[in-house]
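This briefing goes through one model by topic. Please keep the sequence and the coordinates at hand while reading.

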Amino acid sequence: QVQLVESGGGLVQAGDSLRLSCVASGRTFSEYGMGWFRQAPGKEREFVSAISRWHDITRYGDSVKGRFTISRDNAKNTMYLQMNSLKHEDTAVYYCAAKLTMSKRQVVTVREEYRHWGQGTQVTVSS
C-alpha cells in the first residue's frame with residue numbers, strides 16, 4: 001500500500017507558475033506508474049498528466065500540453081507537476097494517483113485504473 005500527499009497549491013494570477021509535489025510513502029515508489037488529475041467544481045475528475053515508473057515516458061491532457069511538465073525523482077519518492085502560463089480554467093483541486101505497473105514503460109491515463117489517491121491540493125488562478 002502506498003500513501004500519497006500533495007502540496008504546492010495556492011492562489012495565483014493568470015500567467016503565473018506553480019509547482020505541485022506528491023510525496024509517496026509505504027512502498028517502493030519506483031514500482032508505481034504515477035499521474036495527476038484535477039477536478040473543478042461541478043465537473044468530473046479529468047486527466048492532466050502521467051509518467052511511467054522510470055520517468056522516461058510521459059503523457060499530457062490536451063488542455064495542458066506545452067504548459068505543464070510532469071517529472072519524478074524516485075530517490076526522493078516524489079512526483080512533480082510544473083505548471084506554467086496558468087489560466088483561470090486551470091482552477092481545480094489537483095490529485096496525484098499511483099498504480100502498480102509491471103512494465104517500467106507503462107503510462108496510465110485512465111482515472112479508473114488508479115487504486116491510490118492523495119487528498120488533493122487546491123489551485124486557484126485568478127483572471
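The points below cover the disulfide, a sheet, the nonpolar cores and the aromatic pairs.

The model is predicted, so local features need pLDDT of at least 70 and side-chain atom pairs count only at pLDDT 80 or more, while totals for chains, interfaces and linings use all residues. Residues are numbered from 1 along each chain as its sequence is written, and side-chain values use heavy atoms, with hydrogens and water left out. Helices (H or I, at least four residues) and strands (E, at least two) are DSSP runs, numbered from the N terminus.

**Disulfide**

- The structure holds 1 disulfide, the term meaning a pair of cysteine sulfur atoms within 2.5 Å.
- The sulfur atoms of Cys-22 and Cys-96 are 2.1 Å apart, and the link is right-handed, with 55° about the S-S bond.
- Cys-22 belongs to strand 3 (residues 18-25) and Cys-96 to strand 9 (residues 92-100), so the link ties together parts that are 74 residues apart in sequence.
- Both Cys-22 and Cys-96 are buried (under 20% relative accessible area; exposed is over 50% and partly exposed in between, with a 1.4 Å probe and protein chains only).

- An open sheet of 4 strands is ordered 1-3-8-7, with antiparallel pairing; two strands pair if DSSP finds at least two bridges between them.
- Strand 1 (3-7) and strand 7 (68-73) are at the edges with a single partner strand each, so one side of each has no neighbour in the sheet.
- From one strand to the next, the twist averages 15° (axes are lines fitted to C-alpha atoms, for helices over the stretch in contact, and angles run from 0 to 180 degrees between N-to-C directions).
- Strand 1 and strand 3 run antiparallel and are joined by 5 bridges; Ser-7 is opposite Ser-21.
- Strand 3 and strand 8 (residues 78-83) also run antiparallel, with 6 bridges; here Ser-21 has Tyr-80 as bridge partner, and Leu-18 is opposite Met-83.
- Ser-21 is buried, at a relative accessible area of 14%.
- Leaving out residues up to four places away in sequence, Ser-21 touches Val-5, Glu-6, Ser-7, Trp-36, Thr-78, Met-79 and Tyr-80, where contact means heavy atoms within 4.5 Å.

**Nonpolar cores**

- The largest nonpolar core has 27 residues, and those with the most contacts inside it are Met-34, Trp-36, Met-79, Leu-81, Met-83 and Tyr-94; a core is a set of buried Ala, Val, Leu, Ile, Met, Phe, Trp, Tyr and Cys residues joined through side-chain atoms within 4.5 Å.
- Elements giving two or more residues to this core include strand 3, strand 4 (32-39), strand 5 (46-51) and strand 11 (121-126).
- Apart from this core lies another, of 8 residues, among them Phe-37, Ile-57, Val-107 and Val-108.

**Aromatic pairs**

- There are 4 aromatic pairs; rings of Phe, Tyr and Trp (its six-membered ring) pair if their centres lie within 6.5 Å, with planes under 30 degrees apart counted as stacked, over 60 as edge-to-face and the rest as tilted.
- The ring centres of Phe-37 and Phe-47 are 5.7 Å apart and the planes are at 70°, so this pair is edge-to-face.
- Phe-37 in strand 4 and Phe-47 in strand 5 are 10 residues apart.
- Phe-37 and Tyr-114 are also edge-to-face, with centres 5.4 Å apart and planes at 80°.
- Tyr-114 lies in the loop between strand 9 and strand 10 (116-117), 77 residues from Phe-37.
- Phe-37 is buried at 1% relative accessibility, and Tyr-114 is buried at 4%.
- One aromatic cluster is formed by Phe-37, Phe-47, Tyr-114 and Trp-117.
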